[in-house]
Amino acid sequence: MGRCDAMNRPKNQDDVPQTANDAGPDAPSEAPLDIFDIAAASAEISREAAQIAGLHEQIAELKDRYLRAVAESENVRRRAEREKADAAQFAFSRFARDLLNVVDNFARATDALKPDVRASIPAAALPVVEGIEATQRELLAILERNGIRMIDAKGQRFNPNLHQAIAEVPGTDVAPGHVIDVVQNGYMIGERLLRAAMVAVAAQAPVAKTGAGSNGPQPGSSFDTSA
């Protein structure tokens, strides 16, 4: 009888097993993710990746524009500096070209002082001659400091870019087409011609006539104008 009572007696609440529906509020959910939520998350990731790619393209384009702007700015600066230097050199060239007339006058004065003439000058006048020579040297030094230098023409091959031929002299010991004398010195300013040198050039040996009506070589035909 006692055994039957024990079997019919209701069990303690703690002894009754809980089902999934009776679980407490803190129990983890076992419900599967919705397929629509997965698709939405994937679409959001794709959209953000596309935005990031677009931002990278914009950054690359802005960087390219920046580099181009910097390069163009540098080119403009260099061009402005070059034009400024050219303008300054051109203005100075006009002044220097006029100053060469003074240099020529000094050269004529000193060239006229041959050794015999110099020996006949009174001792009281020698300081004047020496002063003229010192002034000439100082003037040439000033020109050289400002980038103006004399063209070394004598003995050189005729160059139409640097020389102006005023005479052609035949029968000389100098090779044909070479400068045998300088009538007026030429000058360069930097890499530009300031004034061409006026020169006399050795002529080619005369060529024998080969037929009637042949007039031989024309004047100036020995000049090398290919420079």
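Hi everyone, let me start with contacts: in this predicted model, residues 24 or more positions apart account for 64% of the chain's contacts with a separation of 6 or more. As for burial, 16% of the 227 residues count as buried.

Now the layout. The chain has four helices and six strands, and along the sequence they follow the pattern α-α-α-α-β-β-β-β-β-β.

H2 covers residues 35–111 and H4 covers residues 126–145; their axes come within 10 Å and cross at roughly 145°. The crossing of H2 past H4 is left-handed. So who meets whom here? On the H2 side we have Leu-99, Leu-100, Val-102, Val-103, Phe-106, Ala-107 and Thr-110, and they meet Ile-132, Glu-133, Thr-135, Gln-136, Leu-139, Leu-140 and Leu-143 of H4. Sorted by class, that contact has 10 nonpolar residues, three polar and one charged.

Which residues are closest to the centre of the largest pocket? The pocket has a volume of about 330 Å³, and of its 14 lining residues the closest to the centre are Ala-107, Arg-108, Asp-111, Val-183 and Asn-185. Two or more lining residues come from each of H2, H4 and strand S3, residues 179–184. H2 gives the most, with six residues. By class, the lining has seven nonpolar, four polar and three charged residues.

Definitions and conventions. Residues numbered from 1 in each chain as written. Predicted model: local features only at pLDDT ≥ 70, side-chain atom pairs only at ≥ 80, totals over all residues. Heavy atoms only, no water. Axes fitted to C-alpha atoms, helices over the stretch in contact; angles between N-to-C directions. Left-handed = near helix turned anticlockwise from the far one by under 90°. Contact = heavy atoms within 4.5 Å. Nonpolar A, V, L, I, M, F, W, Y, C, P; charged D, E, K, R; others polar. 1 Å grid on protein atoms, 1.4 Å probe; cavity = no way out; pocket = protein on both sides within 12 Å on 5 of 7 lines; lining within 4 Å. Points joined across faces, edges and corners; volume = space filled by probe spheres on them. Buried < 20%, exposed > 50% of the residue type's maximum accessible area, 1.4 Å probe, protein only.
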